[in-house]
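Thank you all for coming.

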Amino acid sequence: GPEGPQGEAGPAGADGVSGLELVTGEATVAEGEFDEEILCPEGKRALNGGVVVDSGESRVINSFPLDNLAGWRVQMVTGEDAEVGVLLYVICAAAN
């Protein structure tokens with residue numbers, strides 16, 4: 001048979017994610033412990049994050065979002081006489 005008439009528009013969908021942004025920060029870690037946070041811009045929340053370590057003796061202990069999802073935290077240790085370059089990153093978005 002013939003096609004029927006166009007139906008009414010449905011309700012608006014739920015808010016989603018927008019304004020995706022990668023925030024990075026670099027540091028040099030001398031011998032010992034490293035505990036650092038990297039924050040999202042105001043109004044955005046962390047979706048994921050982590051750390052990239054250049055060559056050197058080190059171990060990542062923890063890598064996790066802050067309680068309020070305002071950024072990311074990395075904790076690591078380096079070996080004796082080690083100097084390690086690290087790149088912290090957090091992927092942020094405006095999530096409603």
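What you have on the screen is a predicted model, and I will start with strand β3, residues 45–53, which pairs with β6 in the antiparallel sense over 8 bridges.

Let me now turn to the open sheet, which has 3 strands in the order β2-β5-β4, with antiparallel pairing. Its edge strands are β2, residues 32–39, and β4, residues 58–65, each of which pairs on one side only. On average, and ignoring direction, neighbouring strands of this sheet are turned by 15 degrees against each other.

Going through the pairs one at a time, β2 and strand β5, residues 71–78, pair in the antiparallel sense over 8 bridges. Along that pairing you will find E36 opposite V74 in β5, and you will also find L39 opposite G71 in β5. On the other pairing, β4 and β5 are again antiparallel, with 7 bridges, and there V60 stands opposite M76 of β5. The hairpin of β4 and β5 has 5 residues between the strands, and in it L69 takes a positive phi near 60 degrees.

How many of the residues of β5 are buried? The count is 6 of the 8, and the strand is therefore largely enclosed by the rest of the structure.

That brings me to the cysteines, where a search of the whole structure finds 1 disulfide. The disulfide joins C40 to C92, with an S to S distance of 2.1 Å. Because C40 lies in the loop between β2 and β3 while C92 lies in strand β6, the pair ties together parts that are 52 residues apart in sequence. The torsion about the S-S bond of C40 and C92 is about -85 degrees, so the disulfide is left-handed.

Are these two cysteines, C40 and C92, buried or exposed? C40 has a relative accessible area of 11%, and since the cut-off for buried is under 20%, C40 is buried. C92, at 0% relative accessibility, counts as buried as well.

Finally, I would like to point out a lysine, K44, which lies in the loop between β2 and β3. With 17% relative accessibility, K44 counts as buried, because that value falls under the 20% limit. And which residues does K44 touch, if we do not count those up to four places away in sequence? The list is G19, E21, L69, C92, A93 and A94.

Terms used:
Residues are numbered from 1 along each chain as its sequence is written. This is a predicted model: local features need pLDDT of at least 70, side-chain atom pairs count only at pLDDT 80 or more; totals for chains, interfaces and linings use all residues. Side-chain values use heavy atoms; hydrogens and water are left out. Two strands pair if DSSP finds at least two bridges between them. Helices (H or I, at least four residues) and strands (E, at least two) are DSSP runs, numbered from the N terminus. Axes are lines fitted to C-alpha atoms, for helices over the stretch in contact, and angles run from 0 to 180 degrees between N-to-C directions. A disulfide is a pair of cysteine sulfur atoms within 2.5 Å. Buried means under 20% relative accessible area, exposed over 50%, partly exposed in between (1.4 Å probe, protein chains only). Contact means heavy atoms within 4.5 Å.
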